[in-house]
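Dear colleague,

I am passing on the structure below, together with some notes on what came out of going through it. Please read the notes with the coordinates open beside them.

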Amino acid sequence: MDRVSQLQDLLDKTVQDFATALLEIQNNAPPVAVDPSIPVTFVSAEQIQAQSEAVQAIVQNTIRSITTSTHQMGLLIDSLPGIDLSQQDQFARLKALDEENKAADQALEDAVAEANLLMRQLQAGIGKST
Amino acid sequence: MATEPGHATEVTTAYPLPPKYFSLYTDANVAEFPEYQRDRAETDKAQDAFSKAVTAATAGLEDSSKNISASAGSAPKYLHPPRPIEGAYSMFGADHTTDSKLKTLRELGIPQFFPDGPIEYKPVLKNLIQSLLADLHKYLEILGTRTEEFEPQKDRIWHLLQNIHHVINEYRPHQARDMLCLVMEEDIRKKQNMAKLLQEFCAQTREEMQQAQRELISEPDISREEMEVDKSPDHATDSSDATQVSSSLERYKQLQRRLAEKAKSVI
């Protein structure tokens with residue numbers, strides 16, 4: 001996949017990870033008593049502790065993932081093809097390459113013509129010898 | 001089938017019906033088409049007549065094939081394909097346009113967070129990504145403490161994402177030009193290599209040919225009968241001279257074969 005598409009996918013993945021983490025935190029959040037006089041009793045203290053630890057783990061993983069993605073996005077941006085060239089520089093480079101291409105075509109045509117001439121000389125030489 | 005926008009489709013089906021002028025494509029008409037194609041003067045008139053006939057046919061006339069034939073003359077003229085549509089058109093119930101240029105954010109009604117005109121992609125992209133991270137952090141704060149600001153912050157993050165994607169999409173022509181430069185450089189390098197190899201081989205072949213010529217010139221003048229190799233032991237000495245001459249010829253022929261093979265591999 002080209003770097004530009006990789007950058008777009010990484011950006012989408014970063015935001016997707018963030019949204020997924022929010023959803024998981026919401027689902028795993030331990031219940032909180034609405035009224036101090038009505039404590040939460042349907043879950044035990046150990047379960048609440050486990051849920052809190054799970055939420056902490058989700059947070060840590062998400063932070064690590066987003067930090068890594070951001071760093072990778074920075075690297076991808078720095079290595080985008082032609083990132084250091086302006087549009088005018090690119091057009092100038094294309095023009096120069098076009099001239100070079102024409103010269104290379106001419107050189108190849110000349111070499112082929114030389115080879116054909118040599119072939120005819122060889123054939124003539126063989127014809128005279130026989 | 002593409003129609004003018006605003007025209008109602010005749011039948012709502014999962015797949016569109018074939019166009020009514022398909023009945024014109026008989027074997028006899030198709031056989032006459034090459035002769036028609038040679039007459040270029042009638043091409044434009046036929047196309048305009050065809051467009052009108054197609055519009056009339058799709059408007060729901062009963063006997064459309066007869067009307068198409070009657071409206072402009074001989075049937076083969078309608079076998080010329082219609083002109084490509086330009087601008088807006090409707091297909092499978094949806095409106096499209098032939099203009100595939102990337103629309104600006106303002107045209108799409110999205111606030112733009114970078115300056116107009118030519119931009120430097122690297123700093124703009126990095127700034128936008130940093131803004132996105134800051135806004136994600138602020139979003140968390142709002143979710144925890146100021147939930148009434150949830151909607152505007154969510155919209156801002158959405159607009160930021162669209163801005164970043166838009167800048168990346170605007171970068172694609174730049175990427176395509178860079179790729180074109182790389183492809184052209186590779187192409188030029190290959191051509192230069194091929195020309196160089198061919199020139200070197202020609203120089204080598206010329207050298208060997210001249211060597212073979214010199215050997216032939218320095219050989220004694222031998223008649224045709226003497227050139228025939230006699231395998232009997234009495235003629236062993238004479239046969240060695242003839243063998244030398246034929247070996248020079250063989251070298252010539254070998255040079256020719258090698259040159260032909262090299263030329264084929266290069267071309």
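Is Asp2(A) buried, partly exposed or exposed? This is a predicted model, and in it Asp2(A) is partly exposed, its relative accessible area being 27%. Asp2(A) forms a salt bridge with Arg172(B), in which the closest N and O atoms are 3.5 Å apart. Because Asp2(A) belongs to the segment before H1 of chain A, while Arg172(B) sits in helix H5 (residues 150-218) of chain B, the pair joins two chains. Arg172(B) is likewise partly exposed, at 26% relative accessibility.

Two further contacts concern helix H3 (residues 87-129) of chain A and helix H5 of chain B. Asp178(B) and Arg93(A) meet through their side chains in a salt bridge of 3.5 Å, N to O; Asp178(B) counts as buried at 8% relative accessibility, whereas Arg93(A), at 24%, counts as partly exposed. Asp105(A) and Lys191(B) form a salt bridge of 2.6 Å, N to O, and this pair also crosses between chains, from helix H3 of chain A to helix H5 of chain B. Here Lys191(B) is buried at 14% relative accessibility, and Asp105(A) is partly exposed at 30%.

Salt bridges also link Asp78(A), Asp84(A), Lys122(B) and Lys126(B) in a network, and the count over all chains comes to 16.

Within chain A, helix H1 (residues 3-28) and helix H2 (residues 45-78) pack at an angle of about 165°, with axes 10 Å apart, and they are therefore roughly antiparallel to each other. The residues of this contact divide into 13 nonpolar, eight polar and four charged.

Notes
Residues are numbered from 1 along each chain as its sequence is written. Chains are lettered from A and ligands numbered from 1 in the order in which they are written. This is a predicted model: local features need pLDDT of at least 70, side-chain atom pairs count only at pLDDT 80 or more; totals for chains, interfaces and linings use all residues. Side-chain values use heavy atoms; hydrogens and water are left out. Axes are lines fitted to C-alpha atoms, for helices over the stretch in contact, and angles run from 0 to 180 degrees between N-to-C directions. Helices (H or I, at least four residues) and strands (E, at least two) are DSSP runs, numbered from the N terminus. Angles under 35 degrees count as roughly parallel, over 145 as roughly antiparallel, 65 to 115 as roughly perpendicular and the rest as oblique. Ala, Val, Leu, Ile, Met, Phe, Trp, Tyr, Cys and Pro count as nonpolar, Asp, Glu, Lys and Arg as charged, and the others, Gly among them, as polar. A salt bridge is a side-chain nitrogen of Lys or Arg within 4 Å of a carboxyl oxygen of Asp or Glu. Buried means under 20% relative accessible area, exposed over 50%, partly exposed in between (1.4 Å probe, protein chains only).
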